[in-house]
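The notes below go through the model point by point. They are meant to be read with the structure open.

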Amino acid sequence: MSKATRATQMLEKAGVAFSVHTYDYDPDADHIGLQAAEALGEAPGRVLKTLMALVDGKPVCVILPSDREVAMKKLAAAFGGKSAQMMKPADAERSAGYKVGGISPFGQMRKVRTAIEQAALDNEYVFINGGQRGLQVRLNPRDAMSVLEALAAPLVA
């Protein structure tokens with residue numbers, strides 16, 4: 001597994017302090033983010049999942065704790081929209097340029113508006129997908145927010 005991805009390259013270019021962590025990705029896991037947290041020996045609230053959604057038909061990226069679900073009304077409101085829905089997996093892969101299970105908010109093919117769950121900012125560090133299945137980057141959540149020009153909002157159900 002290569003540890004150099006578009007995601008890690010974006011973080012390096014931005015001068016963000018991060019470390020790379022690998023784990024055995026289980027494609028059959030019911031909840032990929034929870035499987036990553038367990039494999040890394042970290043609390044699920046510290047291992048964030050990256051989801052691709054549509055707000056008023058426009059793609060957005062959502063980052064939230066792996067043990068939580070996104071509230072669509074809160075997501076739409078965060079972006080000033082009326083409605084939100086999850087992207088179909090194939091559309092998410094096409095938009096982000098990463099495979100499902102390896103979607104990172106960093107280094108996506110097209111820059112999209114991004115939101116991070118506000119409560120995640122309370123952590124000293126978080127893990128976020130590094131652009132490959134079984135690859136996570138550990139960094140300060142405020143650094144992630146800054147690099148992504150993300151907004152912080154309450155997003156969980």
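1. Helices and strands here are DSSP runs, at least four residues of H or I for a helix and at least two of E for a strand, numbered from the N terminus. On that numbering, Asp56 lies in the loop between β2 and β3. The model is predicted.

2. The hairpin of β2 and β3 has two residues between its strands. Asp56 has a positive phi of about 50° although it is not a glycine. Is Asp56 buried, partly exposed or exposed? The cut-offs are under 20% relative accessible area for buried and over 50% for exposed, with partly exposed in between. Asp56 has a relative accessibility of 42%, so it counts as partly exposed.

3. As for burial, β2 is largely enclosed by the rest of the structure, because six of its eight residues are buried.

4. A separate item is the open sheet of three strands, with the order β1-β7-β6 and antiparallel pairing. Which strands stand at the edges? They are β1 (18-22) and β6 (126-132); each has a single partner strand, so one side of each is left without a neighbour in the sheet. From one strand to the next, the twist averages 35°.

5. Within this sheet, β1 and strand β7 (residues 135-139) run antiparallel and are joined by five bridges. Ser19 stands opposite Arg138 in β7. Helix α1 (residues 6-14) packs on the sheet and touches β1, β6 and β7. The direction of α1 makes about 165° with that of β1.

6. Helix α4 (residues 89-96) has Ala92, Ser95 and Ala96 as its buried residues. Seen down the axis of α4, these fall within an arc of 85°, so they line one face of the helix. An α-helix has 3.6 residues a turn, so residues three or four places apart point the same way. After α4 comes Gly97, with a positive phi near 80°.

7. At the start of α5, a side-chain oxygen of Asn140 reaches to within 2.7 Å of the backbone nitrogen of Arg142.

8. Just after α5 comes Glu149, with a positive phi of about 50°, although Glu149 is not a glycine. The residue lies in the loop between α5 and β8 (151-153). The relative accessible area of Glu149 is 61%, so this residue counts as exposed. When going through backbone angles, Asp56 and Glu149 can be read side by side: each is a non-glycine residue with a positive phi of about 50°.

9. How many residues does the largest nonpolar core have? This core has 25 residues, and those with the most contacts inside it are Leu11, Leu48, Met52, Ile63, Phe106, Ile128 and Leu139. Two or more residues each are given to this core by α1, β2, β3, α4, β6, β7 and α5. The largest share, three residues, comes from α5.

10. Leaving aside residues up to four places away in sequence, Leu11 touches Val16, Phe18, Phe106, Val137, Leu139 and Val147. Among these, Phe106 and Leu139 are also on the list of residues with the most contacts inside the largest core. A second, separate core has 14 residues, including Ala53, Leu75, Ala76 and Val156.

Note on methods. Residues numbered from 1 in each chain as written. Predicted model: local features only at pLDDT ≥ 70, side-chain atom pairs only at ≥ 80, totals over all residues. Heavy atoms only, no water. Pairing = 2+ DSSP bridges. Axes fitted to C-alpha atoms, helices over the stretch in contact; angles between N-to-C directions. Contact = heavy atoms within 4.5 Å. Buried < 20%, exposed > 50% of the residue type's maximum accessible area, 1.4 Å probe, protein only. Arc of directions from axis to C-beta. Polar contact = N/O pair within 3.5 Å; in protein donor to acceptor, adjacent residues only side chain to side chain. Core = buried A, V, L, I, M, F, W, Y, C linked by side-chain atoms within 4.5 Å.
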